[in-house]
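Here is a short briefing on one protein model. Look over the sequence and the fold, then read on.

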Amino acid sequence: MSRDGGDGGNSAYGRKAFRRSKPHFRDRITADGRDGWPVEPGRYRLVVSRACPWASRALISRRLLGLEDAVSLAVVDPIQDDRSWRFTLDPGGRDPVLGIRYLSEAYDRRERDYPGGVSVPAIVDVPSGKLVTNDYQQITLDFATEWTALHRDGAPDLYPKERRDEIDAVMEDVFRDVNNGVYRAGFATGQEEYEAACRDVFRRLELLAERLERQRYLVGDTITEADIRLFTTLVRFDPVYHGHFKCNRWKLTENRVLWAYARDLYQTPGFGDTVDFDHIKRHYYQVHTGINPTRIVPLGPDLSGWLTPHHREELGGRPFGDGTPPGPVRADEEVPARGRPRPPTDQPHSRPS
């Protein structure tokens, strides 16, 4: 997610034609270091916003694969100013490892005055303080395929070779119509533009629901990269996309299949334990002032349903394939209680561990 407001800053959201910028820094961190950035434990820092669906992919992948000790984590304030993502959640307003106040400083160390916004996820080289990559599409694929020497024991194969063509095809449709589609609808500047984007969103969601009615996961019988990419949009759907982005033909909770699928993933270790609904809501409603000039954050929706039974296990499937779930969340990376749904008082579900 980038600061695409241009010269108008945050107030420009929703007031100019929406365009998803391609990542400018597309170097890859690989096992053989062919781009000059070899996989090394402790060398790189992943910078994310828990509000951002693109950054949330990297959070989930990192946790599922057990890369917490290999790649350190920086979480920015969900509220940007016009200098972009800020480290105001940290003592003194500086990232304790990189020593910077704004993520833009790492971008400037790599290339000053480059043509583009400051986006997350971003991976920064700790020794030099320079940005390595902001390629949100490739970061998670490389976590799955290039960082294997540092994966935890029992890590799942999120991008299996024998399924990659199908995974890629599904992800392309999901990206175009769902991940990016909600933004095309929300930032539309005209009625026809909005209606076309909104129709695309719900047409694709209905097709995905048909697919998921007969199988637990999008591709094969295990969680893959495709599920991660769909989940990060679904988990934001009712809190922000339904109202704020006007994708309101129906709510996620009104679609039996997709709501059960999303709850299944949310209750799977590595998914829901990375989600911060407080950051999500405050970011969208308070940053996009071109759409929501009052910056009022709505009280709803009720989030307790995320912890209710989903019964998707009846479809079979093995969430982690031949692997195992990740262990408990590290204490320094746990989502604060205000960002997580609480179990309903009349249904004493325990939070999945």
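The count of disulfides comes to zero, where a disulfide is a pair of cysteine sulfur atoms within 2.5 Å. This is a predicted model: local features need pLDDT of at least 70, side-chain atom pairs count only at pLDDT 80 or more, and totals for chains, interfaces and linings use all residues. Residues are numbered from 1 along each chain as its sequence is written, and side-chain values use heavy atoms, with hydrogens and water left out.

**Cysteines**

- A disulfide is a covalent bond between the sulfur atoms of two cysteines.
- Cys198 counts as buried because its relative accessibility is 4%. Buried means under 20% relative accessible area, exposed means over 50%, and partly exposed lies in between (1.4 Å probe, protein chains only).
- Cys247 is buried too, at 0% relative accessibility.

**Strands**

- Strands (E, at least two residues) and helices (H or I, at least four) are DSSP runs, numbered from the N terminus.
- Two strands pair if DSSP finds at least two bridges between them.
- Strand E1 (residues 44-48) runs antiparallel to E3, and four bridges join them.
- E3 also pairs with strand E4 (residues 130-133), in the antiparallel sense, over three bridges.
- Which residue of E3 is the bridge partner of Leu46? That partner is Ile123. Ile123 also stands opposite Thr133 in E4.
- In a regular strand the side chains alternate between the two faces of the sheet.
- In E3 (residues 122-125), Ala122 and Val124 point one way, while Ile123 and Asp125 point the other way. All of them are buried.
- The hairpin of E3 and E4 has four residues between the strands. There, Gly129 takes a positive phi near 75°.

**Arg43**

- Arg43 is found in the segment before E1.
- Is Arg43 buried or exposed? Arg43 counts as buried, because its relative accessibility is 18%.
- The side chains of Arg43 and Glu40 are joined by a polar contact of 3.4 Å. A polar contact is a pair of N or O atoms within 3.5 Å; within protein, one must be able to donate a hydrogen and the other to accept it, and residues adjacent in sequence count only if both atoms are side-chain atoms.
- Not counting residues up to four places away in sequence, Arg43 touches residues including Trp37, Ala70, Val124 and Asp125. Contact means heavy atoms within 4.5 Å.
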